[in-house]
Amino acid sequence: MKKLAVVGAQWGDEGKGKVVNYFSRDFEWIVRFSGGANAGHTIYVGDKKYVNHLLPSINPVIDSKGFLGAGMVIDVGQLIEELKILEREFPGISSRFYLDPEAFIVLPWHKEEDLLLERMRKVPIGTTGRGIGPAYTDKASREGLKLFVLFDEVLLRERLETIYHMKRSKYNRDFAVSIEEMLVYLQGLRAELERLSVNFTSAVDMYRVFRSTSVLFEGAQGVLLDLDFGTYPFVTSGACMAHGVSSVGFSTFELDSVYGVLKAYTTRVGAGPFPTEELSEVGGLLRERGKEFGATTGRERRIGWLDLPALRYAKIRSGLTGFVITKGDVLNGLDEVKVCVAYDVDGVVKELPSTSYDFFRAKPIYETVSGWPVTDHINFLKYMTFIERETGVEIDYISYGPKTEEMKTRNDLIMNI
Ligand code: IMP
């Protein structure tokens, strides 16, 4: 049975939610394996738009199910909000979501810490403020809470006491709420999840189910924001690459395909290197046309031309086997389109960055190609072929609008020209 991973090939916001939603009709399970409510995955059901931050992008009108894996950090309050929004239109949909009890909880103080740390940084990262960094930090320093503690009051109290004690000693700082209040709050969240009939099942218990059915793994953010190999420290704190499926008990060898979603140009939210950033009028035009404002924070996205060295790097880091290109239509009508084909890194021409440090020193080397009036046009096909030749990865699908159905295969595009 088919196993597909869909990851962002740039700095996130490539349109993964829509792409996953399109493919979801052919998959029984949609699995999120990392990140948290920092993601903003926009899906359309008919004309209605939903922005999910935590929920896997299942197609509500067919019978697929969603799994939130152990690699995630879950803001349970936010999760409940998202479920309630969907419940209004699709009663009972919550019972189609499964949580791995091994996943970590984003606690209220993680969000406070996130904002506090940003204020302390000389160069802020520009985080989403969703508590992601502090939650993963607590996970690594063994001061986090896994979801399963919600089901054991004695353990929950014990863990909270330990955490309160450690944080007080380390930071000489008190908590705004008492342990008792925190207990009541967390138990309330659990009760609400139970009321909604959300399932708690580990990836171990899902081992056979997942092997005997089709699974689509929905990545969060993009390869260049990956904690290990993105443009550190201007990254998120989770895994953004396909290898993150290991937290759901999968090896990447079990994947039939790894699709990298790439935007026909490049965007980035927050600080950090962005070699092809375009601060000119064209950048502003593309921001307006492409509605390039963050789905989670509403912030303006930074805009730049397509960056082939970054895509080559993403291909190697995440083992991409195919591309899905989005938003080619945003470039419609430009006479010329610039593409970065290589970097000048301290005087050395590099087609492929060796390390994430290269992104900080890169000066883009551009080629200019002819624009296209519409994406069903020979020049857009040439643009795609150029990307394919330069990266060694084929573009299998083209998304040409925000709606789920606005997607075609490479062959459809050729037939329409
Ligand atoms: P954090 O994940 O909130 O800690 O933010 C770290 C960096 O990742 C910031 O530059 C964010 O703007 C960026 N980021 C986090 N999530 C997303 C996303 O879903 N799309 C694009 N950028 C993101």
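Is serine 197 buried, exposed or partly exposed, and what is its relative accessible area?

Modeller: The model is predicted, with local features needing pLDDT of at least 70 and side-chain atom pairs counting only at pLDDT 80 or more, while totals for chains, interfaces and linings use all residues. Residues are numbered from 1 along each chain as its sequence is written, and side-chain values use heavy atoms, without hydrogens or water.

Serine 197 is partly exposed, with a relative accessible area of 40%. Buried means under 20%, exposed means over 50%, and partly exposed lies in between, with a 1.4 Å probe and only protein chains as cover. Serine 197 sits in the loop between α6 (179-195) and β9 (199-200); helices (H or I, at least four residues) and strands (E, at least two) are DSSP runs, numbered from the N terminus. Although serine 197 is not a glycine, its phi is positive, at about 65°.

Arginine 142 also has a positive phi of about 65° without being a glycine. Arginine 142 belongs to the loop between α4 (132-140) and α5, and is exposed, with a relative accessible area of 69%. Another backbone feature is the cis peptide bond between tyrosine 232 and proline 233, where omega is about 5°. Proline 233 lies in the loop between β10 (215-222) and β11 (257-263).

Lysine 327 is partly exposed, at 22% relative accessible area, and is found in the loop between β15 (322-326) and β16 (336-345). Lysine 327 stands 323 residues from leucine 4 in sequence, and the two are 22 Å apart in space from C-alpha to C-alpha. Phenylalanine 274 is buried, with a relative accessible area of 7%, and its place is the loop between β12 (266-268) and α8 (281-289). From phenylalanine 274 to tyrosine 136 the separation is 138 residues in sequence and 25 Å in space, C-alpha to C-alpha.

Threonine 276 is likewise found in the loop between β12 and α8, and counts as buried, at 0% relative accessibility. The side chain of threonine 276 reaches the backbone oxygen of tryptophan 305 at 2.7 Å. This is a polar contact, a pair of N or O atoms within 3.5 Å; within protein, one atom must be able to donate a hydrogen and the other to accept it, and residues adjacent in sequence count only if both atoms are side-chain atoms.

Burial can also cover a whole element. Helix α1 (residues 16-23) has 8 of its 8 residues buried; among them are Lys16, Lys18, Val19, Val20 and Phe23.

We turn next to the ligand. Of the 16 residues around the ligand, those that come nearest are Asp13, Asn38, Thr128, Thr236 and Arg299; a residue is near if one of its heavy atoms lies within 4 Å. By class, this shell holds 6 nonpolar, 8 polar and 2 charged residues. Here Ala, Val, Leu, Ile, Met, Phe, Trp, Tyr, Cys and Pro count as nonpolar, Asp, Glu, Lys and Arg as charged, and the others, Gly among them, as polar. A polar side-chain atom of asparagine 38 lies 2.9 Å from a ligand oxygen atom. Backbone N or O atoms also take part: one from glycine 126 lies 3.3 Å from an oxygen atom of the ligand, and one from valine 269 lies 3.1 Å from a ligand oxygen atom. Taken alone, the ligand exposes 470 Å², of which the protein buries 97%; these accessible areas come from the Shrake-Rupley method with a 1.4 Å probe.

A cavity is a set of points on a 1 Å grid, over the protein atoms alone, where a 1.4 Å probe fits but cannot get out, and lining residues have an atom within 4 Å of a point. Grid points are joined across faces, edges and corners, and a volume is the space filled by probe spheres set on the points. The model has 2 cavities of 30 Å³ or more.

The largest cavity has a volume of about 40 Å³. Its lining consists of Trp109, Lys167, Arg168, Tyr171, Arg173, Asp174 and Phe175. Helix α5 (residues 153-171) gives the largest share of that lining, 3 residues. The lining of the largest cavity has 3 nonpolar, no polar and 4 charged residues.

The second largest cavity holds about 30 Å³ of space. The residues that line it are Ile43, Asn52, Pro56, Ile58, Pro60, Leu86 and Phe97. By class, the lining of the second largest cavity has 6 nonpolar, 1 polar and no charged residues.

How values were computed: 1 Å grid on protein atoms, 1.4 Å probe; cavity = no way out; pocket = protein on both sides within 12 Å on 5 of 7 lines; lining within 4 Å.
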